[in-house]
Amino acid sequence: MRSPRIGARLGSGLAAALLVATGLAASAPTALAQAPASAYAGIVPAPVKVTPNASATFTITPATRIVVQPGREAADVGSYLGQLLRRPTGFALPVIPSAAPQANSVSLLLTGADPAVGEQGYQLDTTADRIVIRANKTAGLFAGVQTLRQLLPAAAESARTQPGPWTVPGGSVLDHPRFGYRGAHLDVARHFFPVETVKRYIDEIAAYKINTLHLHLTDDQGWRIEIKSWPKLATYGGSTQVGGGPGGYYTQEQYKEIIAHAASRQMTVIPEFDMPGHTNSALASYAELNCDGVAPPLRTDIAVGYSSLCINKDITYKFVDDVVREIAALTPGKYFHLGGDEAHATSEADYNTFMTKALPVLAKYGKTAMGWHEVAKAKPDVPTSTVIQFWDTKASNPAVTAAAARGNKILMSPANKAYLDMKYNAQSPLGLNWAGYIEVQDAYNWDPATYAQGVGESSVFGVEAPLWSETLKTLADIEYMAFPRLPAIAELGWAPASSHNWDAFKQRLAAQGPRWDAAGINYYKSPQVPWPTSNPGSCDNPAWESAKIYNGGTLVSHGNHEWRAKWWTRGEEPGSTGRWGVWEDLGACA
């Protein structure tokens, strides 16, 4: 989770494509570095197989319908698709049950899919008079809808009605994931994020076929969920955050709202309650959890490794039992993350004792354990059912290698590749850098099945992109750090290893920029990515020019948005550094 070096370096302050797609371009490697020739060549994550048909185009019109397999599963996905498309098109797009595809429709069917798609894959076929998405399971239909979104014009991501036309190029896609688990992690403990922010992030990452949200609900700086049997955990332990401020927490009803929203996006929530370290917010809330019976003060810094539950007190395990019992009852997913990292204030013997007692509590309430890779060192060995989350910055970790050899699955999140809270470069306005700087190419150029010694393809549980929030306070902050790196990690989890090629990926990633612009996502315009040349469109102001000098108050057009300079600038592109740049985004052109 966090490097032991943070405490030493930072103390208590904030120092400081389509790819070789097997059906599209396998015979034309020279095309990899070229801009996508069609919408099919811009899909992220890269599909397994694509067969474009340039002679056919389907157009969504006011008469188009969404046809769904009878039953709630497909109907829910159809309702979601309707919600997405009604906003920008202004069309009614009624959802109609039918077991067979129909003309002038987008059909979502749970029959007739190629068996190769498995439980999470899909096949998508577009002809001149219909679009048909077939899958074996609802998750596959939902994944197919995400691909369909990227085949539509970028304006389809807008929340306001746009002029269209709404065309989808003809062709076929056969697709399924490399790994079943593709996760994003969000730390709501260091800084608290409201329910609507979490739901928006769920929506944004679902577009890239992320199917798991790992919520880091507790840490030294804040306890973020109501526990009815220990109410002060939330009301007192959640009353502040990094840097001070009011903090906050989710009621159990709000947590269920997040769970339900994630489920509607075919996403499972995994709750994390970090123990036995990273527990100061709990220790401050209840003195009896401390060995000396004295509650420490709340903390608002970002130091780590100083807190520990009292391992030899019976009340500690009543606390663990109550927390797991209440949250397990609210959480339908299989997994429960108990942290286990950076327990520097817990002796090795006490750590082993704690894991021996805590792990059976999860099983008692029907949950399978996940933990950061420190749990691999526990003795006796943790059960082989325990998923171990690798976050090391070094490829060699003997405890993880041994765990993989015993049969534990390893969730890959190397901090120097997958941690979205690391700065892009020394000039990044947000983030930390203890694991190094992570530009987009760094986030993409590694293989989950070869990165860690002794952890081969069969041992990899999946990939996850953690986002810690020491420096993040708003949705815009979250977006700026996640995009465009989150789609890079998503591709590593979904796309076949044979498609892994940076030159192809950066072209497909560039095609996402106009979609994020239309959706209002605050992303980092990495210079490594050839973002499309902007077009001022209907903006009345002159187009931004990189060689010009602009003074505060000057208005320009760029990326189909209007911008106002806050102060003198030359060469800084509007939108390239989000809200921390000199340009104020006045919104999309009318």
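The expected span of a helix is 1.5 Å times one less than its number of residues. Keep that rule in mind as you look through these views of a predicted model.

**View 1. Helix α2 and what covers it.** The same kind of check works here: the 18 residues of α2 (residues 72-89) should span 26 Å, and the end C-alpha atoms are 25 Å apart, which agrees. Look for the buried residues of α2, among them A74, V77, Y80, L81, L84 and L85. Their cover includes the strands β1 (49-60), β2 (65-68), β3 (95-97), β4 (105-109) and β7 (166-175), as well as helix α3 (138-151). Just after α2 comes G90, with a positive phi of about 75°.

**View 2. The seven-stranded sheet.** Follow the strands across this open, mixed sheet in the order β1-β7-β5-β6-β4-β2-β3. At the edges stand β1 and β3, each with a single partner strand, so one side of each has no neighbour in the sheet. From one strand to the next, the twist averages 25°.

**View 3. Strands β2 and β4, with α3 on the sheet.** β2 and β4 run parallel and are joined by four bridges. Here you can find V67 opposite S107 in β4. Helix α3 packs on the sheet, where it touches β4, β5 (122-126), β6 (130-134) and β7. The direction of α3 makes about 40° with that of β5.

Notes
Residues are numbered from 1 along each chain as its sequence is written. This is a predicted model: local features need pLDDT of at least 70, side-chain atom pairs count only at pLDDT 80 or more; totals for chains, interfaces and linings use all residues. Side-chain values use heavy atoms; hydrogens and water are left out. Helices (H or I, at least four residues) and strands (E, at least two) are DSSP runs, numbered from the N terminus. Buried means under 20% relative accessible area, exposed over 50%, partly exposed in between (1.4 Å probe, protein chains only). Contact means heavy atoms within 4.5 Å. Two strands pair if DSSP finds at least two bridges between them. Axes are lines fitted to C-alpha atoms, for helices over the stretch in contact, and angles run from 0 to 180 degrees between N-to-C directions.
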